[in-house]
Amino acid sequence: DDMSEPLALAALDVAGAPAQARKLPKEGDDVLILGANGKSGVLCGWEAMKKVGPKGKVVGVVRNPKQVPGLMELGVYTDVIVADCTKPVEVMEADLSICCVNIESCEMSAILPVRDDGLVYFFSMATSFTKAALGAEGIGKDVTMIIGNGYTKNHAQITLDVLRENPKLRKLFDEKYC
C-alpha cells in the first residue's frame, strides 16, 4: 500500500540478490560488488553495508567514472572504484564478492579478489558456471561459489523494506525504473 506497483515490481525483479547480501556477509567483512550501479547492485550494497558494520567495507565496481558521485551519495558503498569487470587484475581483495554484472566474462573478476575460504555470489545470469568453476580451479582459488537462483526466504519483504529504509534508493528506483 505504501508504494506504486511499478516501483514494487522493479525491485522485486532482483529480490533474491539483496536478500543474499543480507545473509552472506559478516560484521567486519570487505565486500566487493561488481555491477554496483544496477538495480541488484545498489540493493545489495545497502544490505551489505548494514551487515558489515563500521569495521567492514562495501566497495562497488563500475565502469563509468561519472557514476561514482551518485553512488556515493546513495550511501550504499564505503568506496566506489572504476574498473572493467572483464579484467580481473583491476579489482581489489575481499572476503565476499557479489557479481551483479549483466555482461559475459566477469567470472574471474568476481573470483580472483576473494581471499581463500571466501565467498563468491553470482547473481548475474550472464555468468558461465563452466568458466567460474574451471577458472577457480585453474588459479588454485579455494572459494565457495554460490549461484543466485532468485529466491531466498523473505526475499520480497527484504527488498521492499530496502526501499522503505533508504529514501535515496527509493527515489532512484522511482526515477530510473518506473
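Predicted model: local features only at pLDDT ≥ 70, side-chain atom pairs only at ≥ 80, totals over all residues.
**The α7 and α8 pair**

Two packed helices are described by the angle between their axes and the distance between the axes. Helix α7 covers residues 155-165, and helix α8 covers residues 167-177. They pack at an angle of about 105°, with their axes 5 Å apart. Angles of 65 to 115 degrees count as roughly perpendicular, so α7 and α8 are roughly perpendicular to each other. On the α7 side, the contact is made by Val162, Leu163 and Glu165. On the α8 side, Pro167, Leu169, Arg170 and Phe173 meet them. By class, this contact has five nonpolar residues, two charged residues and no polar ones.

Lys168 also belongs to helix α8. Lys168 is partly exposed, with a relative accessible area of 41%. Leaving aside neighbours within four places in sequence, Lys168 is in contact with Glu73 and Leu74. Val76 is 92 residues from Lys168 in sequence, yet the two C-alpha atoms are 9.8 Å apart in space.

Helix α3 runs over residues 39-52. At 1.5 Å a residue, its 14 residues should span 20 Å. The end C-alpha atoms are 20 Å apart, which agrees. Is α3 mostly covered or mostly open? It is mostly covered: eleven of its 14 residues are buried. Among them are Lys39, Trp46, Glu47 and Val52. Just after α3, Gly53 takes a positive phi of about 70°.

Gly75 sits in the loop between α4 (68-74) and β3 (79-82). At 31% relative accessibility, Gly75 counts as partly exposed. Leaving aside neighbours within four places in sequence, Gly75 touches Trp46 and Met49. Gly75 and Val42 are 33 residues apart in sequence, and their C-alpha atoms are 9.4 Å apart. Val42 and Trp46 are both among the buried residues of α3.

**Cysteines**

How many disulfides does the count give? The count comes to zero disulfides. Cys85 is in no disulfide. The nearest cysteine sulfur to that of Cys85 belongs to Cys106, 5.2 Å away. A disulfide needs the two sulfur atoms within 2.5 Å. Cys85 is buried, with a relative accessible area of 7%.

For Cys178, the closest cysteine sulfur is in Cys44. The distance is 19 Å, too far for a bond. Cys178 is partly exposed, at 46% relative accessible area. Cys44 lies in α3, where it is buried.

Most residues other than glycine have a negative phi. Ser105 has a positive phi of about 70° although it is not a glycine. Asp117 also has a positive value, near 70°. Where do these two residues lie? Ser105 is in the loop between β4 (94-99) and α5 (107-111). Asp117 is in strand β5, residues 114-122.

**Accessibility of single residues**

The table gathers the relative accessible areas.

| Residue | Relative accessible area | Class |
|---|---|---|
| Cys85 | 7% | buried |
| Gly75 | 31% | partly exposed |
| Ser105 | 35% | partly exposed |
| Lys168 | 41% | partly exposed |
| Cys178 | 46% | partly exposed |
| Asp117 | 59% | exposed |

Residues over 50% count as exposed, so Asp117, at 59%, is in that class. Cys85 is buried because its 7% is under 20%.

Notes
Residues numbered from 1 in each chain as written. Heavy atoms only, no water. Axes fitted to C-alpha atoms, helices over the stretch in contact; angles between N-to-C directions. Helix = DSSP H or I, 4+ residues; strand = E, 2+ residues; numbered from the N terminus. Parallel < 35°, antiparallel > 145°, perpendicular 65-115°, else oblique. Contact = heavy atoms within 4.5 Å. Nonpolar A, V, L, I, M, F, W, Y, C, P; charged D, E, K, R; others polar. Buried < 20%, exposed > 50% of the residue type's maximum accessible area, 1.4 Å probe, protein only. Expected span 1.5 Å × (residues − 1).
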